[in-house]
Amino acid sequence: LKPLGRSRSRPTHTLARGCVRPGPTRAGLAAPMGVLGGAAESLAASLASLSRGGECGACDGIRAISVLWVLADHGFAFSVAHKFHGLQQHWASMVPTAGNLGVDAFFVLSGFLLGGALHGEQLRSGRMALGKFMCRRIFRIYPTLYSAMLAAMVASSFAYQGADGAMSIRNVCPDATWWYNLYFWNNNGEKRATCNDQTWSVSAELQMYVATPLLLALSSRIAGFAKLSQPCRVTTSRCAVSLCLMGWVACAALGLRFVFSHDLDDLSPHASNSYYTGTQYRFGAYLAGVLAGVLVAQWKAQDRLRAFRARTSCAALVLAALIVVSCIVVGRWWPYIWLACRIHFPIFTKAWVALCRMLFAGAVAYVLLHCACGPATVLARFLGAPAWRPVAALSYSMYMMQYASYEVFSHPLHWTGLGHLCASLHPGTPLWRVALVGWLVVLAFVLVNIPLSLLNYICIERSGIALGRVCVGRWCRGPAAVLSVSEDCAGTVKGSHAFAPDREAPEIRAGEGDVGGAEGCREV
């Protein structure tokens, strides 16, 4: 007998009569069919995630309204608003032209989710897993950023160049400063990258992400030092709330200093750009969200949500609604505020310019606090309606893909005659007719933006999130400094640092983790 494995002859098999040997084609089709089956399952999971909601339905509602508001503002600005400056004060176009407030709402929402998640992690395990936190943020943001830049470069090469279809602002991608987007510094300096210009807000938000764990770690340090004299009155949560309030006041003071030290009637483009995009002027909105998230996390840990429900006041909600309406009606920037106010009340008007965004952020933060802890009011049910969930899931892709969508949109703008309609508007055209054309452009633009955003969400965004989870599970491990936090007494630090990447602490998931009273919220 020959040893096993030595014979090179192929084994023979005897088949019974009527049996058929399996052909190679069936085995060869197994791998492609498996790939197709996996792709179908992934597509089904992506589509199912569009309708998945969480306990904090208000977060989905605010996110969806904010992104649609921003797109409406840009649609008006790029089609009709640059020709008719009176649109900001006309009733038919007052709301869409105030869409830049949607960016402040995004900042508040990010602070609420991420600040609440990190502080909830402190209260549960006494530590913050910063490695996991930043790894998730990077894989959440960068893939869509790169795909948006690539899409803008491709789309700009075949955009319609006719006079009746040209938009007022063209996306130049790549430009001389496109690399500002690579390290998220696009909101500082004398120049900004015109390649996906909206990335300034993403740059500011990532800088705020870095500051959030530092703020909470400082709160723990202060509480630890205060334990020596006031052992049971100073807590980490109280210190975090105090720091958020002081930061909010400091940002408001910086805004007042800028407004009263410049001539707003003759403001240079660099100064105007610095005030609009600077992190020091936008950080107050984020801190308002962090404050709300910290309060929700603290009250949930102490089982005090019912106490807040009992104190929830309709008067506070009415005040928040009045602030939001005032920011829309009165205006946010000096040239667009009512002329009578600028002439007769210049000091009050300047103060309003500096504080209106901060007040708006406070109003949105209170709405989030009310919906997360308060009773199921009409407002909470409206913001938590299932209709908002698909738009909320696509919000980041919709926001990042808007410039590429503008270029793609230029062709339908010409084919449908909307471009010719925009070009035919003249100074004598009634503003209500101009506003109607602007609304039509916004509707068409959103319909063009959604398919491109959906494709990016399925292929890029969800893949980046999944890759971030894999990297978190494999690489974000290491020795952890333990921060013991007690809300009955102050926290004490065990270890050389107040925070470090954690080996055993639960992962911080802004999208799926526990954010105070808002479990299951989508990832920001």
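Q: A charge sits over a ring if NZ of Lys or CZ of Arg is within 6 Å of the ring centre and within 35 degrees of the ring normal. How far from the centre of the Tyr276 ring is the charged end of Arg282?
A: In this predicted model, the charged end of Arg282 sits over the ring of Tyr276. A second case is Arg137, whose charged end sits over the ring of Tyr209, 5.6 Å from its centre. For Arg282 and the Tyr276 ring centre, the distance is 4.6 Å.

Q: Why is the pair of Phe76 and Trp439 described by a particular ring geometry, and what is that geometry?
A: A search of the whole structure finds 15 aromatic pairs. In the pair of Phe76 and Trp439, the ring centres are 5.9 Å apart and the planes stand at 85°. Planes over 60 degrees apart fall in one defined class, and therefore the pair of Phe76 and Trp439 is edge-to-face.

Q: How many residues apart are Phe76 and Trp439?
A: Phe76 belongs to helix H3 (residues 57–81), and Trp439 belongs to helix H19 (residues 431–474). The pair thus links distant parts of the chain, with a separation of 363 residues.

Q: Is Phe76 buried or exposed?
A: The limit for burial is a relative accessible area under 20%. Trp439, at 39% relative accessibility, counts as partly exposed. Phe76 has a relative accessible area of 0%, so this residue is buried.

Q: Which residues form one aromatic cluster with Phe78?
A: The cluster is made up of four named residues, one of them Phe78.

Q: With which residues is Tyr286 in contact, leaving aside its neighbours within four places in sequence?
A: Tyr286 lies in helix H9 (residues 279–301) and, at 1% relative accessibility, counts as buried. Between Tyr286 and Tyr209 there are 9.5 Å in space, C-alpha to C-alpha, and 77 residues in sequence. Beyond the neighbours within four places, the contacts of Tyr286 are Phe107, Ser110, Gly111, Leu114, Met208, Tyr209 and Thr212.

Q: With which side chain does the side chain of Glu121 make a polar contact?
A: Glu121 is part of helix H4 (residues 101–125). Its relative accessible area is 0%, so Glu121 is buried. At 3.1 Å, its side chain makes a polar contact with the side chain of Arg124.

Q: How far apart in space are Gly86 and Tyr336, C-alpha to C-alpha?
A: Gly86 is located in the loop between H3 and H4 and is partly exposed, with a relative accessible area of 34%. In sequence, 250 residues separate Gly86 from Tyr336. In space, C-alpha to C-alpha, the separation is 8.0 Å.

Q: Which element of the protein chain has the lowest mean pLDDT?
A: The chain averages a pLDDT of 77, and 73% of the residues score at least 70. Over residues 478–524, pLDDT stays under 50, although the model has 165 contacts there beyond four places in sequence. Where pLDDT is low, the predicted coordinates should not be read in detail. Helix H7 (residues 236–260) has the highest mean, 94, whereas the lowest, 37, belongs to strand S2 (residues 492–494).

Terms used:
Residues are numbered from 1 along each chain as its sequence is written. This is a predicted model: local features need pLDDT of at least 70, side-chain atom pairs count only at pLDDT 80 or more; totals for chains, interfaces and linings use all residues. Side-chain values use heavy atoms; hydrogens and water are left out. Rings of Phe, Tyr and Trp (its six-membered ring) pair if their centres lie within 6.5 Å; planes under 30 degrees apart count as stacked, over 60 as edge-to-face and the rest as tilted. Helices (H or I, at least four residues) and strands (E, at least two) are DSSP runs, numbered from the N terminus. Buried means under 20% relative accessible area, exposed over 50%, partly exposed in between (1.4 Å probe, protein chains only). pLDDT is the predictor's confidence in each residue, from 0 to 100. Contact means heavy atoms within 4.5 Å. A polar contact is a pair of N or O atoms within 3.5 Å; within protein, one must be able to donate a hydrogen and the other to accept it, and residues adjacent in sequence count only if both atoms are side-chain atoms.
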